[in-house]
Amino acid sequence: MDSSSEASSMAQGLRIVRLVADREKWGRRLLGVSQLASELDMEQSRVSRLTQELCDLGLLERVERGPFRTGPRFFSLAAALNAGWVHESRAELEALVASFGLRARVSVREGYRVILLRASSNDAVPGSFVKPGMVTPVWCTGSGRALLWDDQQPAVQALLQDVNFIGVGGPGAAHSPQEVAELMDRDRARGFIVAEEEFEHGVYELAVPVRSVEGSILAALSVLGSRAEITSSTDDIAEALTAAAERLGSCEGGSRGDSGRKGLAS
C-alpha cells in the first residue's frame, strides 16, 4: 500500500472512531457497519474492513455482531494524553487495595453515565465486564453520585428528567431524581458517598470526588466491598479516600479536566 492509501485509510479509520465515540459520549443509538457507512458516506465493504482492523487494535469493540462502541485501547490512549493525575491514579488504587483489601476505581462522567477510567488489579477476573470504558448509571453508583457532588437538586432534576429508572440497579437504588437528590443531601452531610446495594446486590461502594486545583470535579475515587467490609472501617476508608483524592487533584496536569472518553473524543 502506498503512502497516500495509508493516509486515506488512517483518516477514514479516525472518522469511524470519532463517530462511534461521539455517539456513545452523547448517549445516542450505537451503529453497525451499514449505519456507519451511511453516516460517513463510505462504501460498506470498506467500513467493514476498517472496523475489523480497529477492533483488532482494540480501538473499537463489538459483541456478537451488534453495534460498535469504543474499545479498551481507546481509553488507554486517552489516559496517556492525561499524564498527571490519571497516571498517578494507578498507584493510589493499589495503595487502597493494600490498606483495605477492597476493589478500587477511578471514574469520570459523561452526562448521566459513569465511565470507568481505571480499576485496581483485584477488580476483575478473566471474562469480567469490569474494564476501562465500562459504563454504569450516575444515579445508582457511589462513583456516580460522587461526580454529582456539586449539583444541587434543580441540576439533578434536569440531568435525570428523561432517565428510565425502572429495572436499573440494586435494592438500594433511587427511583426518581428526587430520591437521588435526597441521597446526595444525606451524604454531603457526612462528607462522602456510601452507596448501599445501589447498583449490585450485596455490594457497598464508598466514594469521594477528585477535584482539580481550581476546585472543579475531575473524577470520582471509590472502593467496593461487602457490607461488613465497608461498614467495619467506614471512617478509615473515607479518610484514606479523601487523602488519595487530594493527592491526585494536586498532581501536575490535574487541572486539565480532560479524562476518559473526553480525552480523545473532544
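Okay, ground rules. It's a predicted model, where local features need pLDDT of at least 70 and side-chain atom pairs count only at pLDDT 80 or more, while totals for chains, interfaces and linings use all residues. Residues are numbered from 1 along each chain as its sequence is written, and side-chain values use heavy atoms, with hydrogens and water left out.

Let's start with the helices. Helices here are DSSP runs of H or I with at least four residues, strands are E runs of at least two, and both are numbered from the N terminus. So, α5, residues 85–100, packs with α10, residues 234–249, at an angle of about 165°, and the axes sit 10 Å apart. Those axes are lines fitted to C-alpha atoms over the stretch in contact, with angles between N-to-C directions running from 0 to 180 degrees. That makes α5 roughly antiparallel to α10; the cut-offs are under 35 degrees for roughly parallel, over 145 for roughly antiparallel, 65 to 115 for roughly perpendicular, and oblique for the rest.

Who makes the contact, meaning heavy atoms within 4.5 Å? On the α5 side you've got Trp 85, Glu 88, Ser 89, Glu 92, Leu 96 and Phe 100, and on α10 there's a list including Ile 237, Leu 241 and Arg 247.

Now, salt bridges: a side-chain nitrogen of Lys or Arg within 4 Å of a carboxyl oxygen of Asp or Glu. How many salt bridges does this rule give? The count comes to 14.

One of them joins Asp 123 and Arg 105, at 2.5 Å from N to O. Asp 123 is in the loop between β4 (113–119) and β5 (135–137) and Arg 105 is in strand β3 (residues 103–110), so the pair ties together parts 18 residues apart in sequence. Are these two buried or exposed? Both Asp 123 and Arg 105 are buried, with buried being under 20% relative accessible area, exposed over 50%, and partly exposed in between, using a 1.4 Å probe and protein chains only.

Next up, Arg 211 and Asp 150 meet at 2.7 Å, N to O. Arg 211 counts as partly exposed at 28% relative accessibility, and Asp 150 is partly exposed too, at 40%.

Then there's Asp 185 with Arg 188, at 3.0 Å, N to O. They're 3 residues apart in helix α8 (residues 177–190), so about one helical turn separates them.

Last one: Arg 145, Arg 186, Asp 187, Arg 190 and Glu 198 are linked in a salt-bridge network.

Key
Contact = heavy atoms within 4.5 Å.
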